[in-house]
Amino acid sequence: MLKKKIAVLTGSSRGIGKEILKLLAENNADIIACSRNEDEKHITFIEELKKKNNVNIEPIFFDLANLDQVKEKALGIVKKYNKIDVLINNAGTIHTALFQMTTLKNFKEIYETNFFSVVQLTQIILKSMLPHKNGSIINISSTSAFDSNVGRSAYSASKLSLVSLTKSLSSELGRHNIRVNSIAPGLTETDMAIQNTKKELMNEIIERSSLKRIGKPKDIANSVLFLSSDLSSFITGQTIRVDGGMQ
Ligand SMILES: NC(=O)c1ccc[n+]([C@@H]2O[C@H](COP(=O)([O-])OP(=O)(O)OC[C@H]3O[C@@H](n4cnc5c(N)ncnc54)[C@H](OP(=O)(O)O)[C@@H]3O)[C@@H](O)[C@H]2O)c1
């Protein structure tokens with residue numbers, strides 16, 4: 001589905017991002033796989049994907065919380081790749097504490113990784129999208145952006161900011177045939193969810209959801225594949241909840 005497309009993906013080392021990396025490779029995309037640490041296991045995984053699917057995957061390492069690093073690496077990417085078709089802003093971090101226990105510093109740290117890095121990366125990667133009048137940008141938000149979640153004020157605000165950015169960018173970039181959408185996953189089985197959600201709450205969420213289960217990273221990756229591909233060519237400015245009917 002993505003033959004001849006080049007995709008930039010953040011947070012490719014674990015969880016949802018790792019599953020997106022695998023699915024994009026299986027669908028013949030060439031990928032710039034961004035992650036924070038130069039981890040041997042991750043590099044081996046990439047080498048195996050390249051061989052198995054006959055695609056090019058370039059691992060790039062930087063910390064999204066360091067905006068100077070984001071700028072430097074993003075400029076390096078556009079210098080090397082003058083045509084980028086897909087940008088998936090997947091990486092994210094969470095902070096769980098009641099609002100009164102959440103310092104301004106906590107808010108700033110969450111915003112640095114979850115929002116400002118997206119602004120920085122997207123502004124630069126667009127240099128390799130705009131001239132070709134074709135592209136798809138996908139921001140991974142969260143159902144937390146819309147639902148009330150106790151202890152998630154900073155995280156939820158950062159994820160709702162992504163929804164707003166998605167809308168604004170879709171209006172500005174539509175005339176260049178660049179689509180901008182976001183996906184709001186519900187609770188999905190990754191380190192982030194397991195380490196930050198109490199078992200009782202997880203069971204409660206499962207009970208309240210229509211499909212009676214939490215998401216698998218593959219559920220989210222499938223929707224990213226759809227938005228990356230030309231199958232979604234008339235969809236822009238949307239946030240799609242992928243949450244198994246969470247209520
Ligand atoms: N899991 C859920 O229930 C859920 C629900 C809604 C939305 N989401 C969103 O889905 C996205 C993926 O989450 P996940 O569940 O897959 O989480 P995860 O398992 O914790 O993985 C997070 C990914 O983001 C990367 N990352 C975090 N901070 C970074 C930084 N400062 N610089 C570079 N990379 C960084 C991590 O890299 P390292 O390996 O270096 O840590 C990792 O690859 C996030 O945006 C998250 O908010 C998840």
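This is a predicted model: local features need pLDDT of at least 70, side-chain atom pairs count only at pLDDT 80 or more; totals for chains, interfaces and linings use all residues.
**Stop one: the ligand.** Select the ligand and its shell: 26 residues surround it, the closest being Gly11, Gly15, Arg36, Gly92 and Thr190. Colour the shell by class and you get 9 nonpolar, 13 polar and 4 charged residues.

Show the strands next. You will see 7 of them in an open sheet, ordered S3-S2-S1-S4-S5-S6-S7, with parallel pairing. Strand S3 (57-61) and strand S7 (239-242) stand at the edges with a single partner strand each, so one side of each has no neighbour in the sheet. From one strand to the next, the twist averages 15°.

Zoom in on S7 and strand S6 (residues 178-185): 4 bridges join this parallel pair. Pick Ser182 and you can find its bridge partner, Thr239, in S7.

**Stop three: helices on the sheet.** Go back to H1, which lies across S1, S2, S3, S4, S5 and S6 and runs at about 170° to S1. Then select helix H2 (residues 40-53), which packs on the sheet, touches S2 and S3, and makes about 165° with the direction of S3.

**Last stop: a helix pair.** Helix H3 (residues 67-80) and helix H4 (residues 104-125) pack at about 30°, their axes 9 Å apart. H3 is therefore roughly parallel to H4.

Methods:
Residues are numbered from 1 along each chain as its sequence is written. Axes are lines fitted to C-alpha atoms, for helices over the stretch in contact, and angles run from 0 to 180 degrees between N-to-C directions. Helices (H or I, at least four residues) and strands (E, at least two) are DSSP runs, numbered from the N terminus. Angles under 35 degrees count as roughly parallel, over 145 as roughly antiparallel, 65 to 115 as roughly perpendicular and the rest as oblique. A residue is near a molecule or strand if its C-beta atom, placed from the backbone, lies within 6 Å of it. Ala, Val, Leu, Ile, Met, Phe, Trp, Tyr, Cys and Pro count as nonpolar, Asp, Glu, Lys and Arg as charged, and the others, Gly among them, as polar. Two strands pair if DSSP finds at least two bridges between them. Two residues are in contact if their C-beta atoms, placed from the backbone, lie within 7 Å.
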